[in-house]
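Look at the sequence and structure first, then read on.

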Amino acid sequence: MAAAGPWLIEDGIVAVHAGPAAYAPRLEAAETIDCGGRLVTPGLIDCHTHLVFAGDRAAEFEKRIAGASYEEIARGGGGIVSTVAATRAASEDDLLAAALPRLDALLAEGVTTVEVKSGYGLTLADETKMLRAARLLGEARDVRIVPTFLGAHAVPGEMKGTRGRYLDLVCDEMIPAIAAAGLASAVDAFCEGIAFSPAETARVFDAARRHGLPVKLHADQLSDLGGGTLAARYGALSADHLEHLSAEGAAAMARAGTVAVLLPGAYYFTRETRPPPVDLLRRCGVPIALATDCNPGTSPLTSILMAMNMGATLFRLTVAECLAGVTREAAAALGLGSETGALEAGKACDLAIWNASNPAELVYRMGFNPLHARVREAR
């Protein structure tokens, strides 16, 4: 295997030992896989998806390429609320069946862990339906599913004009019920001018804190509302999107250990022109993760490899940053840094074996999948 950096080990072995084969202890394994000199990485992690939903928004795509903005479509009754209607009408089995092909596309590219958000139900019954469907994905396939509650995604149409009442429902009914049922690993919110204000988001985070759930945030995507700073104040696992992140927000995230999750699929698909401030994140020492943001409206992307390519070409991330962004840093963004995301003793043996010798091959190709095999250790 050709060396491409100090973080590569040539002629290595992964078992109870991870390192040069020459220094491996004598091993007796139930199964041995000869990788034939291929590149081996940790199993890839997609740490931001909206994989469970019904319907599509292809008509909105036509409007967007004709010049309509994301905000214009949302304010005209499209966007999230249109997916809400389709998702509410779908059964749990319908949602599972619709999500499986999307999940299979990710698994075929070496993904072993996937975060799945709710947020297209916006009632307690429909949000729990989505979260149950997400859990079922982990039973139907050999993959670790990390479900996230995103009730603060939008105000449902039937509660338009009564935002306070809807937030009461999210904070006082949905979060307690979902936490009690163990249906979510974290709580997310969409903090934006077309969604929820920083003060409203703080209410949601306070409720999550009362019920022992960590938080994440859709932050600073369309404008600078101080989302990065707010996320850091609550010790959020991650702040995601971040095209308009301020220097203050980046510094606060660094102090809090909050991971920046960059979503180049949404940036590309919505034809944004302001990329996230990668150099600022680097200077501040903020960990950078990458994800597909698979969703029906702004990033219908089911290729983690394409997300890596976009991260490099659109955001100028290095190959090492792209690979770390879908392994080590993605694990940290899900609160799983001690369990997966790196080939280290004590972590799950989640692996991707590639018909490649150099990690750059995983990033520079488009529409080509070099996966040889995927290995996952159920824990």
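Q: How far apart in helix α5 are Lys 129 and Asp 126?
A: Lys 129 and Asp 126 form a salt bridge, with the closest N and O atoms 3.1 Å apart. A salt bridge here is a side-chain nitrogen of Lys or Arg within 4 Å of a carboxyl oxygen of Asp or Glu. Helices (H or I, at least four residues) and strands (E, at least two) are DSSP runs, numbered from the N terminus. Both residues lie in helix α5, so their separation is about one helical turn, or three residues.

The model is predicted: local features need pLDDT of at least 70, side-chain atom pairs count only at pLDDT 80 or more, and totals for chains, interfaces and linings use all residues. Residues are numbered from 1 along each chain as its sequence is written, and side-chain values use heavy atoms, leaving out hydrogens and water.

Q: Is Lys 129 buried or exposed?
A: Buried means under 20% relative accessible area, exposed over 50%, partly exposed in between (1.4 Å probe, protein chains only). Lys 129 has 9% relative accessibility, so Lys 129 counts as buried.

Q: Which residues are linked with Lys 129 in a network of salt bridges?
A: Asp 126, the partner of Lys 129, is itself buried at 13%. The network also takes in two further names: its members are Lys 129, Asp 126, Arg 88 and Glu 158.

Q: How many residues apart in sequence are Lys 117 and Asp 188?
A: Their side chains meet in a salt bridge at 2.7 Å, N to O. Both are buried. Lys 117 lies in strand β5 and Asp 188 in strand β7, so the pair ties together parts separated in sequence by 71 residues.
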